[in-house]
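Biologist: I have a structure open on my screen and would like to learn how to read it. Could you walk me through it, one feature at a time?

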Amino acid sequence: MRRTTTSDATIDRGDWPDAVTPWGDAAWRTAVEEFTTRGLTAHGLRPGGRPAVRLRPWSVLVRIPLDDGAHVWFKANPPASAFEAGLGEALGRLAPERVLRPLAVDAARGWSLLPDGGPVLRDTLTGTTPREAARAWEELLPRYAEIQQALLDRTDRLTALGVPGARTADLPALLDRLLAENAVHLPSADVARLEAARPEIARAAAELAALGVGDSLDHSDLHGGQILRPELGRYTFFDWGDSSVTHPFCSLLVTFRAFGRAHGHEELPRLRDAYLEAWTGPGRTPRDLRRGLTLALRLAALNRAAAWGRLWPGNPGLAIAEGEPPATAWWLRAVLGAPGGDHLKG
């Protein structure tokens, strides 16, 4: 990890020392300072120390100390995820008890000024048993589902904010586009398998759509680093830059993968059932919902591939792991079967 210090800020460039970000533009930094000053003043807050800047290809994040010892965060999204600022503002109105509500937003520029929401869930679960970790997720997943349910009738509003659309019925067409864009990064055998799987993907999308659960907001990167846990029993969802409008069940692909890596796979059925219970209703049995989730976990790989493609335009992006294909192509290949070969494990 590369860190540098200037008279104004400590700069963390991580593993991307050559990443091009707007931070190098003095006029841009001046505009950010004016934006944050206005936002802080509106809430009776004052800066009180040297900021810490984290530069990544997908965001500029600045930790701003306050004169009372607390701190806030400034976040600038790149064009591909600039919608996050406006989305965060909208979610702050629609689900104020469930999300990190921004202090100030410039939706046109993709800027947000955010309060500190406490430790992330992942850190609070360090050293816990798999069962203890699962209890936290069993508690929070129904609350996440409540956000999605509140947005079922607002998908047009979400897309108007710039949230990418990947509606369930359109997922086969998304496969076509992604395959055309990424075939060069895949072995020819995988390309042939994906082309052959197209009718199966179309049937899966149609069956999932017929379940009777409409499209909503999919966080698309829901893991323990994207959820705040300021105290036991409280959970705050944030970091919506990978989101899309698609089938809500797609959300659990990253959740299952991350939980499995950290805590093993034995508790995943508990997480599944806690989430799906929130979606029970007339004409939808637990068996129907589990079948729908199995379909969604496979189709969700298309949304992950699309998200990587947006964030790395004209560039295949990073590899998931050494020796693997670029991430966009890796997720596209995962459509052939859930990563790890087990849809429940994701």
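Modeller: Gladly! Helices (H or I, at least four residues) and strands (E, at least two) are DSSP runs, numbered from the N terminus. Please keep in mind that this is a predicted model, where local features need pLDDT of at least 70 and side-chain atom pairs count only at pLDDT 80 or more, while totals for chains, interfaces and linings use all residues. Residues are numbered from 1 along each chain as its sequence is written, and side-chain values use heavy atoms, leaving out hydrogens and water.

Biologist: How many residues does helix 1 have, and what span does it reach?

Modeller: The expected span of a helix is 1.5 Å times one less than its number of residues. Helix 1 (residues 26-42) has 17 residues and reaches 24 Å from first C-alpha to last, close to the expected 24 Å. At its start, a side-chain oxygen of Asp25 comes to within 2.9 Å of the backbone nitrogen of Ala27.

Biologist: Which residues of helix 1 are buried?

Modeller: Buried means under 20% relative accessible area, exposed over 50%, and partly exposed in between (1.4 Å probe, protein chains only). In helix 1, the buried ones are Trp28, Ala31, Val32, Phe35, Thr36, Gly39 and Leu40. They cover an arc of only 165° around the axis, which puts them on the same side of helix 1; the arc is that of the directions from the helix axis to the C-beta atoms. The face turned away from that buried side carries the exposed residues Ala27, Glu33 and Thr41.

Biologist: What covers the buried residues of helix 1?

Modeller: The cover includes strand 4 (59-65), strand 5 (71-76), strand 6 (104-106) and strand 7 (111-115).

Biologist: And which residues touch the most other members of the largest nonpolar core?

Modeller: A nonpolar core is a set of buried Ala, Val, Leu, Ile, Met, Phe, Trp, Tyr and Cys residues joined through side-chain atoms within 4.5 Å. The largest one holds 75 residues, and Trp137, Phe249, Tyr275 and Leu302 touch the most other members. Helix 10 gives the most to this core, with twelve residues. A second, separate core of 20 residues includes Ile11, Val53, Ile64 and Trp111.

Biologist: What about charged residues: how many salt bridges are there in the whole structure?

Modeller: Side chains of opposite charge can pair when their charged atoms come close. We call it a salt bridge when a side-chain nitrogen of Lys or Arg lies within 4 Å of a carboxyl oxygen of Asp or Glu. A search of the whole structure finds 22 of them. In one, Asp67 pairs with Arg46, with the closest N and O atoms 2.9 Å apart. This pair links distant parts of the chain, 21 residues apart. Asp67 counts as partly exposed, at 42% relative accessibility, whereas Arg46, at 57%, counts as exposed.

Notes
Contact = heavy atoms within 4.5 Å. Polar contact = N/O pair within 3.5 Å; in protein donor to acceptor, adjacent residues only side chain to side chain.
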